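Thank you all for coming.

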Amino acid sequence: MRRANNQDSMAVLMAGSPERFYHRGHLFVVADGMGAHAAGELASRLATEHIAMQYFRSTEEDSSEALRIAVRESNAEIHRRGQQNPEFHNMGTTASSLAILPVGAVIAHVGDSRAYRLRDGILEQLTFDHSLVWEMEASGQIHPDSVLGQSIPKNVITRSLGPNANVEVDLEGPFEIQAGDQFLLCSDGLSGQVEDEEIATIMDCLPEDLATRVLIDLANLRGGPDNSTVIIVRVAEDFAEQTSKPTQSKRHLRKQEPAAVSPLLIGTAIICFVGALGLGLAMVVLQTPVSKAMGPMIIAFILGVIAAGFCVAQYLQSKPKHKTRPLVKTTGGKGPYRRYQAKPNKEIYDRLGETVEELRTAASQRNWLMDWDKIDKLQKQGNACVEAAQFKRAIRLQAEAIIETMHQLRELNNRAANETDIER
């Protein structure tokens, strides 16, 4: 609500076939850029594009390692671009990447964008905020509820992609996946304005398409000081069936790798060595003069050595060649870090309603022309559901009131912009 450009970026890349899912899974990325002018916007876009590209191009068999390497290589590209242009110097971005794989959910994370999982009414934060306040809390320097803890700005981050040539990447998981699980990725534009219990309750009570819209509108109605990006991934009921290895058609079967060493060469070497040994034994048993048996025995032995040499050379050539990577510390692996409970109750219902009422008060004070009829109707129905203890239904009605309030505010802004254009 306060910025002319959007420095957030996101990527949603679903596997198009069972084979692709089994190989690399589904990939979701949220990035929140930082930097003057268009630097933050560029940094976040580079992050989402390069993480996806490097991840799916990787020849690394371990998908977790492939994702971590993709984030590191994305950091190198953003840093390189920042060094080339003075306007983009020190640009950076957060990045939270989630891969849904047959073995579970894997997250590669840098910065203070977040990844959550909701299961059975419990919301777990799977990532560690690389922020000053979180780092100080983790080191025991402050308590989150203390005066000092409350005074530290929450938006000061300690790690991001781009400013430095190398970066530590937190790798979390794999986390077990069950049917019905919901994963949420978001930038701090959401987590800075909406409480975790509210996120949990909204996800628990609403379908994902409605939940994402409500969360964004709620963050904007509370001031929207930053851009907000939200991805919600719901695990299908038949997910367990999809995790089994697909039966590939002949068209998709991988080409069989040739044997590391030719069986013919191995057989030749064995025959030659056995032949040389046999000639030697025969010479001893039959008391054959050395001059008669030595020549064929030496020839057989030399042929065996040559065949064995070819075997060794062929084996060495067949070994996979791995690129040497610089050793970079990998952190993380301790999630989930915090847990919150979904609370579809009157307290959350009223808290969400306070946002609508605050805007109603502002509209009255500033004489905004807004139509409150539909909003009033939704809240009246919601109040009735609260009286009947139908809290999930009440939360949904309050969510629809929030969406309608945001719609009315957008209409008001559009009318004001049109009137300004006419005056010009």
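Which residues in the largest nonpolar core touch the most other members? Before I answer, please note that this is a predicted model, in which local features need pLDDT of at least 70 and side-chain atom pairs count only at pLDDT 80 or more, while totals for chains, interfaces and linings use all residues. Residues are numbered from 1 along each chain as its sequence is written, and side-chain values use heavy atoms, with hydrogens and water left out.

A nonpolar core here is a set of buried Ala, Val, Leu, Ile, Met, Phe, Trp, Tyr and Cys residues joined through side-chain atoms within 4.5 Å, where buried means under 20% relative accessible area, exposed means over 50%, and partly exposed lies in between, with a 1.4 Å probe and protein chains only. The largest such core has 46 residues, and those touching the most other members are L123, L184, L190, I199, I202, L206 and L215. Among the elements that give two or more residues to this core are β6, α7 and α14, and α14 supplies the largest share, with 10 residues; helices (H or I, at least four residues) and strands (E, at least two) are DSSP runs, numbered from the N terminus. A second, separate core has 29 residues, including L67 and F88.

How confident is the predictor, and what is the average pLDDT? On this score, which gives the predictor's confidence in each residue from 0 to 100, the protein averages 85, and 77% of the residues score at least 70. Over residues 249–258, however, the pLDDT is below 50, and beyond near neighbours in sequence this stretch has three contacts in the model, a contact being heavy atoms within 4.5 Å.

Let me finish with charge. Side chains of opposite charge can pair when their charged atoms come close. A salt bridge is counted when a side-chain nitrogen of Lys or Arg is within 4 Å of a carboxyl oxygen of Asp or Glu, and a search of the whole structure finds 24 of them. One of these joins the side chains of D204 and K392, at 3.5 Å from N to O, and this pair links distant parts of the chain, with D204 in helix α7 and K392 in helix α14, 188 residues apart. Another joins K374 and E404, at 3.8 Å from N to O; K374 lies in helix α13 and E404 in helix α14, so the pair ties together parts that are 30 residues apart in sequence.
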